[in-house]
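Please read it alongside the sequence and the coordinates.

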Amino acid sequence: MDLILFGMQGSGKGTVGKALAEKFNTEYFETGAVLRRLANQDSELGQKVKSIIEAGHLVSNEVVMEIVEDFMKNTEENKAIIFDGIPRSVEQAKTLNALLDKYDRDYKAVLLKIVEETALKRLTTRKICKDCKEVYPAYYKKEECEKCGGELFTRADDNPTAIKTRLKAFKKETIPAMEIYKDKLIEIDGEPSIDEVRKIAYKTLAPIMET
Ligand code: AMP
């Protein structure tokens, strides 16, 4: 069973998503991370993607959907995929659903639910490891990553202007996309601590992921 993860920026979607992929032994498609890798390339496309991401805007559908299809095509039929960061618009939802049908994949959607105030607080204070990309909340006071010793930094798009643009896009574009999945949507409270949310997510999703 594939899972399509939804959640406002800062909902813990990436952290919980990766933990779920490990727990249930699935592939993990993290759209933002794939695009950031592309943005690090010295190509014309890479540089274009970089400036779009840094401004907090969305990368074009053609680029995003091509990358997703490539991933799906290269995933074994019996291996589940957790999608993080896709779809972000109604148009992407339609294309993604067409691809899921094309590759004969069964799926559910999951929402990690938080309010905007929580999103703002978490995004303006979080730090990320330069090397392994582990995310650290404000209460983590060390300068380096607990997992790999890498240096911690603030993401270029975690500035107040880009955050506002990203949250606006979530409301305007992603919430309508989520509506398309309302019959397949499982809601999980994303407000508690990340450890707590992870536990709730394991328990809620085990019945459909461990069959
Ligand atoms: P994220 O790490 O999910 O916050 O994504 C970081 C940035 O990558 C976003 O602000 C967008 O610029 C870009 N991005 C991620 N997912 C998508 C998507 N599905 N469609 C278009 N752009 C995306």
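The count of disulfides comes to zero, a disulfide being a pair of cysteine sulfur atoms within 2.5 Å. The model is a predicted one, in which local features need pLDDT of at least 70 and side-chain atom pairs count only at pLDDT 80 or more, while totals for chains, interfaces and linings use all residues. Residues are numbered from 1 along each chain as its sequence is written, and side-chain values use heavy atoms, with hydrogens and water left out.

**Cysteines**

- Cys-145 counts as buried, at 4% relative accessibility, whereas Cys-132 is partly exposed, with a relative accessible area of 36%.
- Here buried means under 20% relative accessible area, exposed means over 50%, and partly exposed lies in between (1.4 Å probe, protein chains only).

**The open sheet E6-E5-E7**

- Three strands form an open sheet in the order E6-E5-E7, with antiparallel pairing.
- Strand E6 (135-136) and strand E7 (152-153) stand at the edges with a single partner strand each, so one side of each is left without a neighbour in the sheet.
- Strands (E, at least two residues) and helices (H or I, at least four residues) are DSSP runs numbered from the N terminus, and two strands pair if DSSP finds at least two bridges between them.
- Strand E5 (residues 127-129) pairs with E6 in the antiparallel sense over two bridges, and Ile-128 has Val-135 in E6 as its bridge partner.
- The loop between E6 and E7 contains Ala-138, a partly exposed residue with a relative accessible area of 35%.
- Ala-138 and Thr-125 are 13 residues apart in sequence, yet their C-alpha atoms are 5.1 Å apart in space.

**Strand E3 and its partners**

- In general, strands of a sheet pair through backbone hydrogen bonds, either parallel or antiparallel.
- E3 pairs in the parallel sense with strand E1 (residues 2-7) over three bridges, and Leu-5 stands opposite Asp-84 in E3.
- E3 also pairs in the parallel sense with strand E2 (residues 27-30), over four bridges; Glu-27 has Ile-81 as its bridge partner in E3.
- From strand E3 (residues 81-84), Ile-81 and Phe-83 point one way and Ile-82 and Asp-84 the other way, and all are buried.

**Ligand surroundings**

- The ligand is surrounded by 16 residues, of which the closest are His-57, Val-59, Gly-85, Arg-88 and Gln-92; a residue counts as near if one of its heavy atoms lies within 4 Å.
- By class, this shell has six nonpolar, five polar and five charged residues.
- For that tally, Ala, Val, Leu, Ile, Met, Phe, Trp, Tyr, Cys and Pro count as nonpolar, Asp, Glu, Lys and Arg as charged, and the others, Gly among them, as polar.
- Helix H2 (residues 31-39) gives the most to the shell around the ligand, with four residues.
- A polar side-chain atom of Arg-88 lies 2.6 Å from a nitrogen atom of the ligand, and one of Gln-92 lies 2.8 Å from a ligand nitrogen atom.
- Gly-85 places a backbone N or O atom 2.8 Å from a nitrogen atom of the ligand.
- The protein buries 95% of the 480 Å² that the ligand exposes when taken alone, with accessible areas taken from the Shrake-Rupley method with a 1.4 Å probe.

Conventions: Polar contact = N/O pair within 3.5 Å; in protein donor to acceptor, adjacent residues only side chain to side chain.
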